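Colleague: I am new to reading models like this one. Can we go through it in short steps?

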Amino acid sequence: MTEPSAPQPAADDYDSPWKDVLEHAFPEFMAYYFPEAHAQIDWALGHEFKNTELRQVVRDAELGRRLADALVQVTLTSGVQRWIYVHIEVRGQRDAHFAERLFTYNYRLYDRYRRPVASLAVLADDSESWKPDTFGYQLFGCEVGIRFPAVKILDYGSQIESLLEDPNPFALVTAAHLFTRKTKGEPEQRYAAKWRLSKLLYEREWDKQRIIDLFSVIDWLMHLPNALEQQLLHDVYTLERNVAMPYVTSAERFGI
(Lines give C-alpha, C1' and ligand atoms only; values in the text may rest on other atoms or scores of the structure.)
Protein backbone atom coordinates (compact mmCIF):
# COMPACT_ATOMS: atom_id res chain seq x y z
CA MET A 1 0.00 0.00 0.00
CA THR A 2 1.32 3.41 -0.96
CA GLU A 3 1.89 5.64 2.05
CA PRO A 4 0.46 9.15 1.80
CA SER A 5 3.17 11.75 1.91
CA ALA A 6 3.69 13.37 5.32
CA PRO A 7 2.64 17.00 5.70
CA GLN A 8 5.45 19.43 5.00
CA PRO A 9 5.75 22.85 6.59
CA ALA A 10 5.43 25.90 4.44
CA ALA A 11 8.31 28.31 4.22
CA ASP A 12 6.71 30.56 6.81
CA ASP A 13 5.09 27.91 8.98
CA TYR A 14 4.62 29.70 12.30
CA ASP A 15 1.83 27.30 13.28
CA SER A 16 3.83 24.08 13.37
CA PRO A 17 3.49 22.06 16.59
CA TRP A 18 7.24 22.54 17.09
CA LYS A 19 6.57 26.18 17.88
CA ASP A 20 4.09 25.38 20.65
CA VAL A 21 6.30 22.89 22.47
CA LEU A 22 9.30 25.22 22.06
CA GLU A 23 7.46 28.11 23.69
CA HIS A 24 5.89 26.06 26.47
CA ALA A 25 9.09 24.19 27.38
CA PHE A 26 11.90 26.54 26.41
CA PRO A 27 14.16 25.83 29.44
CA GLU A 28 13.95 22.09 28.67
CA PHE A 29 14.69 22.82 25.00
CA MET A 30 17.87 24.66 25.96
CA ALA A 31 18.86 22.03 28.52
CA TYR A 32 18.50 19.23 25.99
CA TYR A 33 20.06 20.69 22.86
CA PHE A 34 22.31 23.44 24.23
CA PRO A 35 23.29 22.48 27.80
CA GLU A 36 26.29 24.81 27.99
CA ALA A 37 24.15 27.83 27.17
CA HIS A 38 21.41 26.60 29.52
CA ALA A 39 23.89 26.56 32.40
CA GLN A 40 24.70 30.25 31.86
CA ILE A 41 21.07 31.41 32.15
CA ASP A 42 19.37 32.33 35.43
CA TRP A 43 16.06 30.57 34.83
CA ALA A 44 14.69 31.71 38.19
CA LEU A 45 14.39 35.20 36.68
CA GLY A 46 12.19 33.92 33.89
CA HIS A 47 12.39 34.43 30.13
CA GLU A 48 10.35 36.42 27.62
CA PHE A 49 9.49 35.64 24.00
CA LYS A 50 9.99 38.61 21.68
CA ASN A 51 7.58 37.60 18.93
CA THR A 52 6.76 41.14 17.85
CA GLU A 53 10.42 42.05 17.53
CA LEU A 54 11.13 38.91 15.53
CA ARG A 55 8.23 39.47 13.14
CA GLN A 56 9.43 42.99 12.42
CA VAL A 57 12.77 41.62 11.27
CA VAL A 58 11.66 38.51 9.37
CA ARG A 59 8.71 40.10 7.61
CA ASP A 60 10.73 40.89 4.50
CA ALA A 61 13.27 38.08 4.70
CA GLU A 62 13.24 34.36 4.03
CA LEU A 63 15.23 31.75 5.93
CA GLY A 64 14.38 28.48 4.30
CA ARG A 65 11.75 25.94 5.28
CA ARG A 66 11.69 26.23 9.02
CA LEU A 67 9.62 24.43 11.62
CA ALA A 68 9.82 27.26 14.13
CA ASP A 69 11.60 30.50 14.95
CA ALA A 70 11.87 32.12 18.34
CA LEU A 71 13.49 35.20 19.78
CA VAL A 72 13.80 34.96 23.55
CA GLN A 73 15.10 37.37 26.17
CA VAL A 74 16.90 35.71 29.06
CA THR A 75 19.00 36.87 32.00
CA LEU A 76 22.44 35.38 32.45
CA THR A 77 23.73 34.24 35.83
CA SER A 78 25.91 37.36 35.71
CA GLY A 79 22.74 39.47 35.71
CA VAL A 80 23.11 40.65 32.11
CA GLN A 81 20.12 40.38 29.78
CA ARG A 82 20.66 38.80 26.37
CA TRP A 83 18.57 37.68 23.39
CA ILE A 84 18.60 34.20 21.87
CA TYR A 85 17.43 33.57 18.33
CA VAL A 86 16.45 29.93 17.80
CA HIS A 87 15.91 28.50 14.36
CA ILE A 88 14.43 25.04 13.73
CA GLU A 89 15.20 24.01 10.17
CA VAL A 90 13.74 21.17 8.13
CA ARG A 91 15.10 20.32 4.69
CA GLY A 92 15.32 17.22 2.55
CA GLN A 93 18.62 18.26 1.05
CA ARG A 94 21.64 20.46 1.60
CA ASP A 95 21.14 24.21 1.51
CA ALA A 96 24.27 26.06 0.57
CA HIS A 97 22.85 29.39 1.75
CA PHE A 98 21.52 28.38 5.17
CA ALA A 99 24.42 29.76 7.24
CA GLU A 100 24.37 32.99 5.26
CA ARG A 101 20.68 33.49 5.98
CA LEU A 102 21.22 32.82 9.67
CA PHE A 103 23.94 35.46 9.59
CA THR A 104 21.51 37.85 7.88
CA TYR A 105 18.90 37.40 10.60
CA ASN A 106 21.49 37.88 13.31
CA TYR A 107 22.79 41.17 11.98
CA ARG A 108 19.28 42.44 11.17
CA LEU A 109 18.25 41.84 14.77
CA TYR A 110 21.37 43.57 16.03
CA ASP A 111 20.98 46.45 13.57
CA ARG A 112 17.39 47.11 14.60
CA TYR A 113 17.66 46.61 18.38
CA ARG A 114 21.39 47.06 19.12
CA ARG A 115 21.46 43.94 21.29
CA PRO A 116 23.92 41.03 21.14
CA VAL A 117 22.05 38.02 19.75
CA ALA A 118 23.03 34.36 20.06
CA SER A 119 21.89 32.33 17.04
CA LEU A 120 21.25 28.63 17.63
CA ALA A 121 20.12 26.05 15.07
CA VAL A 122 18.47 22.65 15.28
CA LEU A 123 18.66 20.78 11.97
CA ALA A 124 15.94 18.22 11.33
CA ASP A 125 16.86 17.44 7.72
CA ASP A 126 17.77 14.03 6.28
CA SER A 127 21.34 14.74 5.17
CA GLU A 128 23.76 13.00 7.53
CA SER A 129 26.83 14.91 6.39
CA TRP A 130 25.38 18.43 6.24
CA LYS A 131 25.94 20.47 9.40
CA PRO A 132 26.58 24.15 8.72
CA ASP A 133 27.87 26.17 11.65
CA THR A 134 29.68 29.17 10.16
CA PHE A 135 29.50 31.88 7.53
CA GLY A 136 31.86 34.73 6.80
CA TYR A 137 34.13 36.53 4.42
CA GLN A 138 37.20 38.74 4.53
CA LEU A 139 38.49 41.48 2.32
CA PHE A 140 41.54 43.76 2.73
CA GLY A 141 42.03 42.69 6.32
CA CYS A 142 38.35 43.15 7.22
CA GLU A 143 36.68 40.00 8.55
CA VAL A 144 32.90 39.59 8.93
CA GLY A 145 30.97 36.48 9.85
CA ILE A 146 29.19 34.25 12.32
CA ARG A 147 29.85 30.94 14.00
CA PHE A 148 26.83 29.33 15.64
CA PRO A 149 26.00 26.14 17.56
CA ALA A 150 24.05 23.69 15.41
CA VAL A 151 22.46 20.48 16.66
CA LYS A 152 21.75 17.67 14.21
CA ILE A 153 18.80 15.45 15.11
CA LEU A 154 20.22 12.60 13.01
CA ASP A 155 23.23 12.51 15.34
CA TYR A 156 20.94 10.94 17.96
CA GLY A 157 20.11 8.05 15.64
CA SER A 158 21.93 5.42 17.69
CA GLN A 159 20.34 6.55 20.95
CA ILE A 160 16.64 5.88 20.39
CA GLU A 161 16.16 3.63 23.43
CA SER A 162 17.89 6.10 25.74
CA LEU A 163 15.81 8.90 24.21
CA LEU A 164 12.65 7.04 25.21
CA GLU A 165 13.88 6.85 28.81
CA ASP A 166 15.00 10.49 29.03
CA PRO A 167 12.54 12.66 31.06
CA ASN A 168 13.23 15.74 28.92
CA PRO A 169 10.28 16.27 26.53
CA PHE A 170 12.61 17.10 23.65
CA ALA A 171 14.06 13.61 23.86
CA LEU A 172 10.65 12.37 22.69
CA VAL A 173 10.50 15.06 20.00
CA THR A 174 13.89 13.89 18.78
CA ALA A 175 12.76 10.25 18.88
CA ALA A 176 9.66 11.15 16.86
CA HIS A 177 11.83 12.68 14.14
CA LEU A 178 14.06 9.61 14.07
CA PHE A 179 11.15 7.16 14.03
CA THR A 180 9.57 9.12 11.17
CA ARG A 181 12.69 8.69 9.08
CA LYS A 182 13.24 5.06 10.11
CA THR A 183 9.69 3.97 9.26
CA LYS A 184 9.32 5.74 5.93
CA GLY A 185 7.29 3.49 3.63
CA GLU A 186 6.50 1.06 6.48
CA PRO A 187 3.11 2.12 7.91
CA GLU A 188 2.72 -0.80 10.32
CA GLN A 189 6.10 -0.09 11.92
CA ARG A 190 5.28 3.60 12.06
CA TYR A 191 1.99 2.83 13.77
CA ALA A 192 3.81 0.76 16.41
CA ALA A 193 6.37 3.52 16.99
CA LYS A 194 3.74 6.25 17.16
CA TRP A 195 1.64 4.26 19.62
CA ARG A 196 4.73 3.63 21.76
CA LEU A 197 5.50 7.35 21.91
CA SER A 198 1.87 8.21 22.66
CA LYS A 199 1.77 5.85 25.63
CA LEU A 200 4.96 7.36 27.02
CA LEU A 201 3.24 10.74 27.27
CA TYR A 202 0.93 9.38 29.95
CA GLU A 203 3.55 7.36 31.77
CA ARG A 204 5.50 10.59 32.43
CA GLU A 205 2.47 12.13 34.16
CA TRP A 206 3.08 15.48 32.48
CA ASP A 207 0.56 18.30 32.67
CA LYS A 208 -2.22 18.72 30.15
CA GLN A 209 -0.57 21.36 27.96
CA ARG A 210 2.68 19.44 27.64
CA ILE A 211 0.91 16.24 26.62
CA ILE A 212 -1.17 18.10 24.02
CA ASP A 213 1.92 19.87 22.63
CA LEU A 214 3.95 16.70 22.36
CA PHE A 215 1.13 14.60 20.96
CA SER A 216 0.62 17.29 18.29
CA VAL A 217 4.28 17.13 17.26
CA ILE A 218 4.23 13.32 17.13
CA ASP A 219 1.00 13.27 15.13
CA TRP A 220 2.19 15.98 12.75
CA LEU A 221 5.46 14.18 12.00
CA MET A 222 4.36 10.54 11.92
CA HIS A 223 1.62 10.57 9.31
CA LEU A 224 -0.27 7.28 8.90
CA PRO A 225 -2.67 5.89 6.32
CA ASN A 226 -6.24 6.68 7.29
CA ALA A 227 -7.16 3.24 8.67
CA LEU A 228 -4.11 3.10 10.94
CA GLU A 229 -4.63 6.73 11.98
CA GLN A 230 -8.18 5.94 13.04
CA GLN A 231 -6.97 2.90 14.97
CA LEU A 232 -4.29 4.91 16.75
CA LEU A 233 -6.70 7.66 17.77
CA HIS A 234 -9.15 5.05 19.03
CA ASP A 235 -6.35 3.48 21.10
CA VAL A 236 -5.34 6.89 22.45
CA TYR A 237 -8.91 7.68 23.37
CA THR A 238 -9.23 4.33 25.18
CA LEU A 239 -5.96 5.00 26.99
CA GLU A 240 -7.21 8.43 28.05
CA ARG A 241 -10.34 6.92 29.55
CA ASN A 242 -8.37 4.23 31.40
CA VAL A 243 -6.02 6.74 33.02
CA ALA A 244 -8.74 9.36 33.58
CA MET A 245 -6.94 11.95 31.43
CA PRO A 246 -9.35 12.83 28.63
CA TYR A 247 -7.47 15.74 27.11
CA VAL A 248 -5.08 14.76 24.33
CA THR A 249 -7.97 15.92 22.10
CA SER A 250 -8.28 12.72 20.13
CA ALA A 251 -11.90 13.72 19.64
CA GLU A 252 -11.78 17.51 19.51
CA ARG A 253 -8.49 18.21 17.74
CA PHE A 254 -8.65 15.43 15.17
CA GLY A 255 -12.36 15.33 14.45
CA ILE A 256 -13.13 11.82 15.71
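Modeller: Helix H1 (residues 17-24) and helix H7 (residues 169-182) have axes that come within 11 Å and cross at roughly 160 degrees. Axes are lines fitted to C-alpha atoms, for helices over the stretch in contact, and angles run from 0 to 180 degrees between N-to-C directions. Helices (H or I, at least four residues) and strands (E, at least two) are DSSP runs, numbered from the N terminus. This is a predicted model, where local features need pLDDT of at least 70, side-chain atom pairs count only at pLDDT 80 or more, and totals for chains, interfaces and linings use all residues. Residues are numbered from 1 along each chain as its sequence is written, and side-chain values use heavy atoms, with hydrogens and water left out.

Colleague: Is H1 roughly parallel or roughly antiparallel to H7?

Modeller: The axes cross at roughly 160 degrees. Angles under 35 degrees count as roughly parallel, over 145 as roughly antiparallel, 65 to 115 as roughly perpendicular and the rest as oblique. The crossing angle therefore makes H1 to H7 roughly antiparallel.

Colleague: How many residues of the contact of H1 with H7 are charged?

Modeller: Trp-18, Val-21 and Leu-22 in H1 meet Phe-170, Val-173 and His-177 in H7. Contact means heavy atoms within 4.5 Å. Ala, Val, Leu, Ile, Met, Phe, Trp, Tyr, Cys and Pro count as nonpolar, Asp, Glu, Lys and Arg as charged, and the others, Gly among them, as polar. The contact of H1 with H7 has 5 nonpolar residues, 1 polar and, as for charged ones, none.

Colleague: In which sense do strands S5 and S6 pair?

Modeller: Two strands pair if DSSP finds at least two bridges between them. Tyr-137 stands opposite Val-144 in S6. Over 6 bridges, S5 (residues 134-139) and S6 (residues 142-147) pair in a sense that is antiparallel.

Colleague: Is Phe-140 buried or exposed?

Modeller: Phe-140 lies in the loop between S5 and S6. Its phi is near 55 degrees, positive in a residue other than glycine. Buried means under 20% relative accessible area, exposed over 50%, partly exposed in between (1.4 Å probe, protein chains only). Phe-140 has 81% relative accessibility, so it counts as exposed.

Colleague: What is the relative accessible area of Glu-205?

Modeller: Glu-205 lies in the loop between H8 and helix H9 (208-221). Glu-205 is not a glycine, although its phi is positive, about 55 degrees. Glu-205 is exposed, and its relative accessible area is 65%.

Colleague: How far apart in space are Lys-199 and Asp-235?

Modeller: Lys-199 lies in helix H8 (residues 187-203). Lys-199 and Asp-235 are 36 residues apart in sequence. C-alpha to C-alpha, their distance in space is 9.6 Å.
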